Amino acid sequence: MLAALPALDVRMTSTPIYFSQLVENKIMAASCKVVSLPWIRHFSTSTASYTKLIKPPVAIFGIEGRYATAIYSAAVKEKKLDAVEGELKKVKSLMQKDVKLAEFITNPLVKASFKKDGLVSTLQKQKFSDLTINLIGTMAENRRLNKLDAVINSFNRIMSAQRGEVACSVITAKPLDNTTVKDLETALNGFLKKGETLLMQTKVDPSIIGGMIVSIGDKYVDMSMATKIKTYTQLIKEAI
């Protein structure tokens, strides 16, 4: 059961790190026996009031980043990272398959308390961990379930970084043959650090005409013919 702690609202917070810490304590309430604390409402800056938030291997900003950081930190402390990751993937899969469930979660007209009770009850019956149940319960209380999919995606990004996986997207005008794909993977692996693994996805977009657009980690290179034509056209216009 979710512990009876004061509701947390992101609109009340002063800084992202304090909000993530507060959410983490709410998430860990059931398993760590966290009780109602005065600093939850007053947002005290005292470091003695709580255990240090464990920062994820990659920083993710926005509301979804704050919740994802909180559940990551809580899961690390409870040694339940794999379990939480699996459960959140199940939730995402259910939302994709069940349209009515997705509408129920995101519908702003449904009372927050009704959403929380329904979802918590369902997850408890399916033997989900307290951490996952408390995350979704807290988001329901804060009327942030419309961000649930984004929170799960953010958590997946954190877990990917935890495993040293580097996402890479390659867009070309035509499909690449196997030989070209292997050569491209070999070239892109040269940008990785020791212990990192390349996760390359190829996409086809005829509108780029030729060349390719590569996105790897935080790097982005546009070598498309469409962009070159646009650049040359602009230069010609400026010269006339």
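Is Glu85 buried or exposed at 7% relative accessibility? I looked this up first. Glu85 counts as buried, because its relative accessibility is 7% and buried means under 20% relative accessible area, exposed over 50%, partly exposed in between (1.4 Å probe, protein chains only).

**Entry 1: ground rules.** I am working with a predicted model, where local features need pLDDT of at least 70, side-chain atom pairs count only at pLDDT 80 or more, and totals for chains, interfaces and linings use all residues. Residues are numbered from 1 along each chain as its sequence is written, and side-chain values use heavy atoms, with hydrogens and water left out.

**Entry 2: around Glu85.** I found Glu85 in helix α5 (residues 81-97). Helices (H or I, at least four residues) and strands (E, at least two) are DSSP runs, numbered from the N terminus. I then listed the contacts of Glu85, where contact means heavy atoms within 4.5 Å. Leaving aside neighbours within four places in sequence, Glu85 touches Phe155, Asn156, Met159 and Arg163.

**Entry 3: salt bridges.** I counted five salt bridges in the structure. The term means a side-chain nitrogen of Lys or Arg within 4 Å of a carboxyl oxygen of Asp or Glu. One of them joins Glu85 to Lys89, with the closest N and O atoms 3.6 Å apart. These two residues are four apart in helix α5, so about one helical turn separates them. Lys89 is partly exposed, at 44% relative accessible area.

Next I checked Arg163, which forms a salt bridge with Glu165 at 3.2 Å between the closest N and O atoms. Arg163 is partly exposed at 40%, and Glu165 is partly exposed at 25%. Salt bridges with shared partners join Glu85, Lys89, Arg163 and Glu165 into one network.

I also looked at Lys116 and Glu141, whose closest N and O atoms are 2.4 Å apart in a salt bridge. Lys116 lies in helix α7 (residues 112-125) and Glu141 in helix α8 (residues 130-141), so the pair ties together parts 25 residues apart in sequence. Lys116 is buried, with a relative accessible area of 18%.

**Entry 4: strands.** Which strands pair with β1? Two strands pair if DSSP finds at least two bridges between them. Strand β1 (residues 165-172) runs parallel to strand β2 (residues 197-204), with eight bridges. I noted that Ala167 has Leu199 in β2 as its bridge partner. β1 also pairs with strand β3 (residues 212-216), in the antiparallel sense over five bridges. There, Val170 stands opposite Val214.
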